[in-house]
Structures are given as structure tokens and as C-alpha cells.
Amino acid sequence: MTMADFDWKARFGPIINELAKDGLDHWATSLRQQLVHRFEDRPHGDLDRWQAALDRLPDLEQVAAQLDRSAVTLNAPQPLTVAQQEQLELGLRGLMPWRKGPFDFFGTYIDTEWRSDWKWDRVSPYLSDLAGRRILDVGCGSGYHCWRMLGEGASRVIGIDPGLLFLFQFFSVKDYLGDVPVDLLPIRMEDLPADLETFDTTFSMGVLYHRRSPLDHLLELKGTLRRGGELVLETLVVDGPEGFSLMPEDRYGQMRNVWFLPSCDTLLRWLDRTGFRNARVVDVTETTTEEQRSTDWMRFNSLQDFLDPDDPSKTVEGYPGPLRATVIAEKP
């Protein structure tokens, strides 16, 4: 197995062609250049190992997906043989750690670190009807929410996330489903062309606090939306008045790249200043060790290790524990 076995041109050629046909030639051109850099100029050292894990998954035909339940579920017409079940388990475990989910592959349940379905259940009641919409999911991880969006009737879903392990986890689902209108691009938000103005809904969940300039991130998100499009923003927040935000001295919950945790009123002001309208907080929920935890499919430290053992309402650094708000706003 060599890195050449990963054929990025075959993987991404269809979406590059689709973008060009949709009049997004500038995006198609820049995406091709970014993928050359990612997979040819500076290929990841684990690429061959992840491809080998993907290749171990058993070949199955007529696979059906259930995308409207807590676990993104794949079903085959016939039960898997013992040998196929062993192949499946070996391949899926070769793609550990699994952080966002859960997934159910033909009866093999992947209990991911995050119960991403809980977040979806909190957000989905407040969304505009996703049927027929073109959707961008920024920081999509393994694509769990992308599949849930397709399950709600979206006509096109594009997720972006630079994590290549996430990409191969996404392929483990998509390879069974074939030509479905969902793709994951291994790029960052700043790799997108400015002012695409092509999406009906853009999701940014769990990204804003990782950005050194949160206002620039909001402007980038606005640029992806058509006029009248909807932003779904979920981020860490803290209690406090308008104008208040927490900037950790170094780490927050052991995470190095956390920059700003605003109060909800501050977040709404940021959205107003960046030109969104009708911004409203639709949910505020404390993250618990039931929602984020170590499992047999993600065996590293998780939230229980990032909280103060003597006062779990605080992080190990002494900051307020993780509180997440979801805000929905429109582009005028």
C-alpha cells in the first residue's frame, strides 16, 4: 500500500466538475490547486494506513441508509456473514478515534465521543425547512450532520473540514451509498473563495471560538450565503453582559486554540455589526460528560478529564465549564 493508492482525482473530480458547471469556475480552480497541495505536494503520513482501513470494509450492494434517526444507519439486504462482520470491524477500528456521530454500520454501532445527535435535536426544530436547500457545513468533522441534513431533504450538502481522518470516516459511509449529493472537502474556511453567495443555509457549529478573529469568521460565513440565506451558528459562550467575552490566558478545557467566548448578548452584537439581521439565540445548553465522553471507539481523554475534579462546573484551568449557544440569523 502506497500513498499513490489514494486517487484524489477520482474522489474529487465529480464535485470539481459540478462546481464548474454551476458557474463556480473560480472555486473549482482553487479547489483543484488546494487538493494538489494536500495530496501530492505534502501528503499526510497516515494516508496509506487510512486507505488500507477503508479497503478492508466488505463490498456490499444495495445498501440503504436511514438518515432520520440518532445514528446514521446503513442496512444491507442480507445479514453480513461472520467474515464480513470481522472485515467491517477491522476496517472501522482502523479509522479510530471516532469523535462525531453515532453511526450504525449493518449492526456494528459506533459509539462516538460526541453524541452529535443531541446537538442536532436541539438545533433542528428552529431551522428553516431544509428540503431542496443547498447547504454548507463548516467544520463538519466526519460529516455526521451532513448526513442528517440530507435526511431532511437537502438538495446539496458540502461539508468542509481539514481533518483527513474525518475525510476517511466520511468515505466509509459514502462509499456504500454511491452517487448521493453530499461531499466533504478537506479544506479550511479561509480556503473558500470570498463571497460565494451560493448557499441557502450555512452551518458553523463548534468553530467560532477557534478563530482568532471571530468577526472575520462571521463575515466569511455571510459571504457564503445568498441573499436571504440562513446562518446556523453554535459556539461556546459564557454568562455576562453585552460587551463581555472571555479570552483564556492559555488553554480552555485543555484546548490550546480557544480565543473568545462571548456572552450571548455580545454574540448577538457581533452578528449585528457584521450585517446579519434577525439574530436570535434559540438554545443554550451546558455540555455534560454524558454528551462528550471517552468510549470504546474514542479511547483518549475527553470532557471528564478537562473539568476540575473538585468542581465540575469549572474547567481544570478554573474557567466556567462549557456552555454552548445556538444562534440563527439571516443575510439581508
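Helices (H or I, at least four residues) and strands (E, at least two) are DSSP runs, numbered from the N terminus. This is a predicted model, where local features need pLDDT of at least 70, side-chain atom pairs count only at pLDDT 80 or more, and totals for chains, interfaces and linings use all residues. Residues are numbered from 1 along each chain as its sequence is written, and side-chain values use heavy atoms, with hydrogens and water left out.

**View 1. Welcome to the second largest pocket.** A pocket is an open set of points on a 1 Å grid over the protein atoms alone, where a 1.4 Å probe fits, with protein on both sides within 12 Å along at least five of seven lines; lining residues have an atom within 4 Å of a point. Helix α1 gives the most to this lining, with six residues. Helix α7 (164-177) and strand β9 (182-185) each supply at least two.

**View 2. Now look into the largest pocket.** Its lining counts 44 residues, and Lys100, Phe166, Gly206, Tyr209 and His210 lie nearest its centre. Among the elements that each supply at least two lining residues are α5 (116-123) and β7 (134-138).

**View 3. Here is the open sheet.** Seven strands follow the order β9-β8-β7-β10-β11-β17-β14, with mixed pairing (two strands pair if DSSP finds at least two bridges between them). At the edges, β9 and β14 (277-286) each pair on one side only.

**View 4. Zoom in on two parallel neighbours.** Strands β10 (residues 199-205) and β11 (residues 225-237) run parallel and are joined by six bridges. Met205 stands opposite Glu234 in β11.
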